[in-house]
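Here is a short briefing for a first look at this protein chain. Start with the sequence and the model below.

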Amino acid sequence: MHQRLKVPTMALSRVLLTSGRSVDLIELRLSATYGDVLEGYPCKLLNDLAITGSLRSAEHVHPGVPVHLIPPPREYPDQFAGGFGPVEVLPRVTCVGSFRSEALDPGHDRALYRSRLTVVWFQPTPRIPSGCDAEAALLDMDWEQLATDEEL
């Protein structure tokens with residue numbers, strides 16, 4: 001007789017989406033949104049490059065896993081506009097998280113399949129999302145449309 005060993009979940013945290021699905025955060029990379037800026041100021045061009053770079057990095061680190069961007073809020077403080085246009089500020093922390101959950105396809109064996117999704121989002125503080133305590137857009141993501149099943 002062959003028995004499967006059930007390994008406990010070793011996630012950083014569990015997030016409860018507004019859909020009711022719980023997803024496990026298994027890897028999280030935090031970085032300062034403007035940590036690599038040597039000169040200049042935050043503007044649309046710089047921010048768009050930072051977002052694109054974060055997406056490319058996520059795709060490279062997690063090949064074959066869909067990557068979803070939660071569009072960041074952009075603030076426009078009343079400051080002098082330079083040569084690249086108005087000042088535009090993103091939240092100060094860039095997050096790239098790898099999430100997993102139960103399989104999407106009910107026909108898949110629950111012991112052999114998980115759904116996966118890598119998410120890029122921005123937040124004001126370097127905290128780990130947990131339970132219902134996360135950015136609203138993260139909690140509202142449509143897991144069933146964005147994630148994909150993979151065999152373990």
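A residue is buried when its relative accessible area is under 20%, exposed when over 50%, and partly exposed in between (1.4 Å probe, protein chains only). Of the 152 residues of the protein chain, 32% are buried. This is a predicted model: local features need pLDDT of at least 70, side-chain atom pairs count only at pLDDT 80 or more, and totals for chains, interfaces and linings use all residues. Residues are numbered from 1 along each chain as its sequence is written, and side-chain values use heavy atoms, leaving out hydrogens and water.

**Overall layout**
- Along the sequence, the pattern reads β-β-α-β-β-β-α-α-β.
- The C-alpha atoms fill a box of roughly 70 × 30 × 25 Å, taken along the principal axes.

**Nonpolar cores**
- A nonpolar core is a set of buried Ala, Val, Leu, Ile, Met, Phe, Trp, Tyr and Cys residues joined through side-chain atoms within 4.5 Å.
- The largest such core has 18 residues, and F99, V119, W121, L138, M141 and W143 touch the most other members.
- Elements giving two or more residues to this core are β2 (22–32), β4 (93–102), β5 (113–123) and α2 (136–139).
- A second, separate core of six residues includes I51, V96, V120 and F122.

**H68**
- H68 lies in strand β3 (residues 67–69).
- Not counting residues up to four places away in sequence, H68 touches L117, T118, V119, V120 and L146 (contact: heavy atoms within 4.5 Å).
- H68 and D149 are 81 residues apart in sequence and 15 Å apart in space, C-alpha to C-alpha.

Definitions and conventions
Helices (H or I, at least four residues) and strands (E, at least two) are DSSP runs, numbered from the N terminus.
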